[in-house]
Amino acid sequence: MRRTVTTSGFSGPLKGETLVPPDKSMSHRSLIIGSLTRGKIKISNFLKSADCLATLDILESLGCEIEFLNESTLFLNAQNAYIEPKKDLYCGNSGTTMRLLTGLLSAQNLECRLTGDISLSKRPMKRIIDPLSLMGARIKSSEGKAPLAIERAKLSGIEYKSPIASAQVKSALLLAGAQIREGATTVLEPHLSRDHSERMLKFFGSNIKTFKKDGLFGSSISYNPLIPKDLTIVGDVSSAAFLLVAAAIIKNSELILKGIGLNPTRTGILHVLKSMNADIEILSRDEISGEEIGDIKIKYSPDLKSTKIEGEIIPRLIDEIPIIALLATQAEGTTIIKDAGDLKNKESDRIASVTRELRKFGAKIEPTEDGFIIEGKNGGNGLFKGGCEVECYHDHRIAMMGYIAGLISEKPCKINDFEWVETSFPNFLGIFENLQK
């Protein structure tokens, strides 16, 4: 049964300190890359969300042994990976699971079939099928979409120029290339996408190099046995973005978010907040398991201003654009977001779903082919009328965006199918309720 959440409207301030969920991208990769070590590792601060559990279940089907010590710590024993699965490998709603495991398993010389839910089955997979096929992979699909049937094949390393900056495309090829005994695999992309795979492969001892060539960003990998090592996952900056924006737009709020990942390929949201005149400060910096980490302080920011978001920063904040769109409705002036056409290929068509749902609140937002034009409060108080019913489209980020929009609305709002937040932020409501006490 689907859950409906009603926001209170005219929310009180958010106050205090909190942790955010572990990083979803790193949690996926800790299992997938960890399994390549063919050893035993301990993973701390793992995100036990629906998407990451889909990856976990598949790796168990492939022969890995996984044991949770508590809610966020587990042991991964990959000594018996990878066996040929006896059933379809169900990826749920997780594009990361499907794309990265397709890369991993294409090089394993086994047969398997990756499936997903209705939403995932509509998302484009040709972007990984084509380059993996150039490496020699044999992947069958219907019109470049799931299900994906992987057949036995022998792969060779290639140099591939990706037309888009996509961490999932890059990671799929690097995971395949990490297993090829002869020759290197090189991926070039027009802008630098998130680099968690490169960092984690390096952490486990991979022979991987990153470079810039002729204006393109490159990653190259050749075979080297990985070394089993214990790993700790940082806090997810994409989840933190919802708290950061909420604190910036809800009057008298002041938050400190602890242990947030500060990987430069992920911190576009912090750049945007600063450019929009938000009262935000990084209090500390450290490093753990090859990733930057720190604490962030943010206060209510009544003098937000509009900005233009385009070009190379887009891959650094593509998942945060729904909540950035909400932020823009509370700023003076007109915010333009462009070069973000890949929003159409997320859990929902986020150009359409963000526009449709924010308009229900009274926002002045126009969709474009690759982004939005958003008119801010222009001297008004910025509060929404509310009293609307929000749809999520199987998309966790639309659900959370709708909830925060409801907190600055004059009337309570309903958000249908709110359980989709379990995809990335299982304790979303609990954290918000605790910070409003």
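**Notes on the predicted model: sheet, helices, rings and cysteines**

1. Let's start with helix H12, which lies across strands S2 and S15 and runs at about 150 degrees to S2. Angles here run from 0 to 180 degrees between N-to-C directions, with axes fitted as lines to C-alpha atoms, for helices over the stretch in contact; contact means heavy atoms within 4.5 Å. Helices (H or I, at least four residues) and strands (E, at least two) are DSSP runs, numbered from the N terminus.

2. A word on the ground rules. This is a predicted model, with local features needing pLDDT of at least 70 and side-chain atom pairs counting only at pLDDT 80 or more, while totals for chains, interfaces and linings use all residues. Residues are numbered from 1 along each chain as its sequence is written, and side-chain values use heavy atoms, with hydrogens and water left out.

3. Now the sheet under that helix. It is an open sheet of four strands, ordered S2-S15-S17-S16, with mixed pairing; two strands pair if DSSP finds at least two bridges between them. The edges are taken by S2 (15-19) and S16 (279-288), each with a single partner strand, so one side of each has no neighbour in the sheet. From one strand to the next, the twist averages 15 degrees.

4. Have a look at how S2 meets S15 (residues 254-261). The two run parallel and are joined by five bridges. Leu19, for instance, has Lys258 as its bridge partner in S15. A further helix, H7 (residues 237-249), lies across S2, S15, S16 and strand S17 (291-299), and runs at about 165 degrees to S15.

5. Rings of Phe, Tyr and Trp (its six-membered ring) pair if their centres lie within 6.5 Å; planes under 30 degrees apart count as stacked, over 60 as edge-to-face and the rest as tilted. The count by this rule is nine aromatic pairs. One of them is Phe203 with Phe204, edge-to-face at 5.4 Å centre to centre and 70 degrees between the planes. Both Phe203 and Phe204 are buried, where buried means under 20% relative accessible area, exposed over 50% and partly exposed in between (1.4 Å probe, protein chains only).

6. Which kind of pair do Tyr403 and Phe432 make? Their ring centres are 5.6 Å apart and their planes at 70 degrees, so the pair is edge-to-face. This one links distant parts of the chain, with Tyr403 in helix H11 (residues 396-407) and Phe432 in H12 (residues 428-435), 29 residues apart. Both Tyr403 and Phe432 are buried. Ring pairs also join Tyr403, Phe418, Phe425, Phe428 and Phe432 into a cluster.

7. Two charges over rings are worth a glance. The charged end of Lys48 sits over the ring of Phe68, 4.3 Å from its centre, and Arg181 lies over the face of Tyr223 at 4.1 Å from the ring centre. The rule here wants NZ of Lys or CZ of Arg within 6 Å of the ring centre and within 35 degrees of the ring normal.

8. Where are the disulfides? There are zero in the structure, a disulfide being a pair of cysteine sulfur atoms within 2.5 Å. For Cys64, the closest cysteine sulfur is that of Cys112 at 13 Å, too far for a bond. For Cys112, the closest is in Cys91 at 9.4 Å, again too far for a bond. Cys64 is buried at 5% relative accessibility, and Cys112 is buried at 8%.

9. Next, helix H4 (residues 126-134). Its buried residues are Arg127, Ile128, Ile129, Pro131 and Leu132. Their cover includes helix H3 (95-106), strands S8 (138-142) and S9 (145-151), S10 and H5. Just after H4, Gly136 takes a positive phi of about 110 degrees.

10. Ile139 belongs to S8 and counts as buried at 13% relative accessibility. Leaving aside neighbours within four places in sequence, Ile139 is in contact with Thr102, Ser106, Ile129, Leu132, Leu148, Ala149 and Ile150. The C-alpha atoms of Ile139 and Ala149 are separated by 5.5 Å, with the residues 10 apart along the chain.

11. Last, Ser166 and S19. Ser166 is in the loop between S10 (159-161) and H5 (167-177), and is buried at 10% relative accessibility. Strand S19 (residues 334-337) has Thr335 and Ile337 on its covered face and Thr334 and Ile336 on the uncovered one. Two bridges join S19 to S18 (residues 308-309), running parallel, with Ile336 as the partner of Lys308.
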